[in-house]
Amino acid sequence: MIITNTPAIVPSDPLKRRKIQPDQCVFFDIETTGLSWKSSHLYLLGAVYKEEGQWIHRQWFCQRPGEEKEVLLQFSELLNSHQWLIHYNGNTFDVPYLMHKFTFYNIRQSWEHLSQLDLYQELLPYKKLLGLKHMRQKDLEILSGINRDDPFSGGELISHYQEYLKSGDKALYEILSLHNREDVEGMLQLLPLLLIPELFQGNLTDTMDILLADPETVVLHIPLTESFPVSLYKENQWYDLRVNTSECLLRIPVFQGTLRYFFPNYKDYYYLPLEDEAIHKSVGAYVDKEHREKAKACNCYKKVSGKFLPEFEPVFQPEFHREYKDPIGWFSLDKIFPTDGTESENPALLQAYANHLLKHASHCN
């Protein structure tokens, strides 16, 4: 077995924002000769952790398949002294693979005490927003401006390892070691991307300004409390979103016109065709029968004219719609802006609306 230790640099702030103590973390990645734990074996495991006050990157390399168990034993000892396991797509492959191997070798390993952070799962919801076709680690590294020396995928290296077993060629070992080292170190450099879910969960916005509020457009200027790692842009018919290193801008066109408020209890209303509105039966009883009819859910509304902003779930009430069952709701601009539209009447409501739009931007196509 070849064991190497090299210094590592871990960006700790993204972890501390989540109340994760970096000293309790193990970052790891494995290399195997196949996908099935039954018909393949582990040949390289790389892990970054803190030892005696210093971050180190340790690699365990199997010079022959029979050394697999010893690697697992040493990694198990490391896991037992830490609380967090951090990986990229390890929930799908790395962790189940190791769990099966521990069981196969009858190594008693407790996984219950470990909390896990899978960077792939954390960032996957933002794939489209990031403009990515794939969510491989290398795709995020390219997005983040991280350059690799290693040109191979894990699958391509299996034949290199098989050749190493025959020849013991040091150059092949260096190729295999480099790939795993850059996988783990690349993962560390991706940690600042954890600010993406923080932004869209409303955790990076303490204050905001109304950069522009006029009869046609509202622009929210949101200074970010942390330097953002990438630029983002999203545009649709309801709003534009732009994010750079220091700020987020939300541009929302104001709808000016007439919308409908649909009463929920339509059986208590009459619909008046001439007025194209519904009124409560307690009042409608005084309307001639030829000018009224029992209301239906689709025509039980009153019309309201004004200025409105869109919402995608009922955040503000009353909520208005253009048509019955229209998925896009609207609320009165006066709800969060005074009549003159120069500043927010209620900063808490304005913050809630910004967070609502950010949530929608992160989840819609």
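**Figure 1. Pairing of strand 13 with strand 14 in the predicted model.** In this predicted model, strand 13 (residues 269-272) and strand 14 (residues 277-280) run antiparallel and are joined by four bridges. Within this pairing, Y271 stands opposite A278 of strand 14. The two strands form a hairpin with four residues between them, and D276 there takes a positive phi near 55 degrees.

Figure 2. The strands are arranged in the order 14-13-15, and their pairing is antiparallel. Strand 14 and strand 15 stand at the edges with a single partner strand each, so one side of each has no neighbour in the sheet. Strands of a sheet pair through backbone hydrogen bonds, in either a parallel or an antiparallel manner. Strand 13 pairs with strand 15 (residues 293-294) over two bridges, in the antiparallel sense. Y270 stands opposite K294 of strand 15, and the bridge partner of Y271 in strand 15 is E293.

**Figure 3. The two faces of strand 13.** In a regular strand the side chains alternate between the two faces of the sheet. Strand 13 is covered on both faces: Y269 and Y271 lie on one side, Y270 and L272 lie on the other, and all are buried. The ring of Y270 also has the charged end of K281 over it, at 5.6 Å from the ring centre.

**Figure 4. Aromatic rings around Y261 and F263.** Ring pairs link F255, Y261, F263, Y269, F308, F320 and W330 into a cluster. A pair of aromatic rings is described by the distance of the centres and the angle of the planes. In a separate contact between a charge and a ring, the charged end of R260 sits over the ring of Y301, 4.8 Å from the ring centre.

**Figure 5. An aromatic pair between strand 4 and helix 7.** The whole structure contains 29 aromatic pairs. For F61 and Y173, the ring centres are 4.9 Å apart and the planes stand at 70 degrees, so this pair is edge-to-face. The pair links distant parts of the chain, since F61 belongs to strand 4 (residues 54-61) and Y173 to helix 7 (residues 170-189), 112 residues apart. Both F61 and Y173 are buried.

**Figure 6. Helix 7 and its N-terminal cap.** Helix 7 consists of 20 residues and reaches 28 Å from its first C-alpha to its last, close to the 28 Å expected at 1.5 Å a residue. The N-terminal end of helix 7 is capped by D169, which has a side-chain oxygen 2.8 Å from the backbone nitrogen of A171. The buried residues of helix 7 include L172, Y173, L176, H179, E182, D183 and M187.

**Figure 7. R148 and D150 in the loop between helix 5 and helix 6.** D150 is found in the loop between helix 5 (137-143) and helix 6 (157-167), and R148 lies in the loop between these helices as well. The side chain of R148 makes a polar contact with the side chain of E141 at 2.6 Å and a polar contact with the side chain of D150 at 3.2 Å. D150 is buried, with a relative accessible area of 5%. A polar atom of the D150 side chain lies 3.0 Å from the backbone nitrogen of F152. Beyond residues up to four places away in sequence, D150 touches K138, L178, H179 and E182. With the same exclusion, the residues touched by R148 are Q137, K138, E141, H179, E182 and D183.

**Figure 8. The surroundings of L190.** L190 lies in the loop between helix 7 and helix 8 (195-200). At 2% relative accessibility, L190 counts as buried. Leaving aside residues up to four places away in sequence, L190 touches L119, Q137, L140, E141, S144 and I146. The C-alpha atoms of L190 and P14 are separated by 10.0 Å, although these residues are 176 residues apart along the chain.

Definitions and conventions:
Residues are numbered from 1 along each chain as its sequence is written. This is a predicted model: local features need pLDDT of at least 70, side-chain atom pairs count only at pLDDT 80 or more; totals for chains, interfaces and linings use all residues. Side-chain values use heavy atoms; hydrogens and water are left out. Rings of Phe, Tyr and Trp (its six-membered ring) pair if their centres lie within 6.5 Å; planes under 30 degrees apart count as stacked, over 60 as edge-to-face and the rest as tilted. Buried means under 20% relative accessible area, exposed over 50%, partly exposed in between (1.4 Å probe, protein chains only). A charge sits over a ring if NZ of Lys or CZ of Arg is within 6 Å of the ring centre and within 35 degrees of the ring normal. A polar contact is a pair of N or O atoms within 3.5 Å; within protein, one must be able to donate a hydrogen and the other to accept it, and residues adjacent in sequence count only if both atoms are side-chain atoms. Contact means heavy atoms within 4.5 Å. The expected span of a helix is 1.5 Å times one less than its number of residues. Two strands pair if DSSP finds at least two bridges between them.
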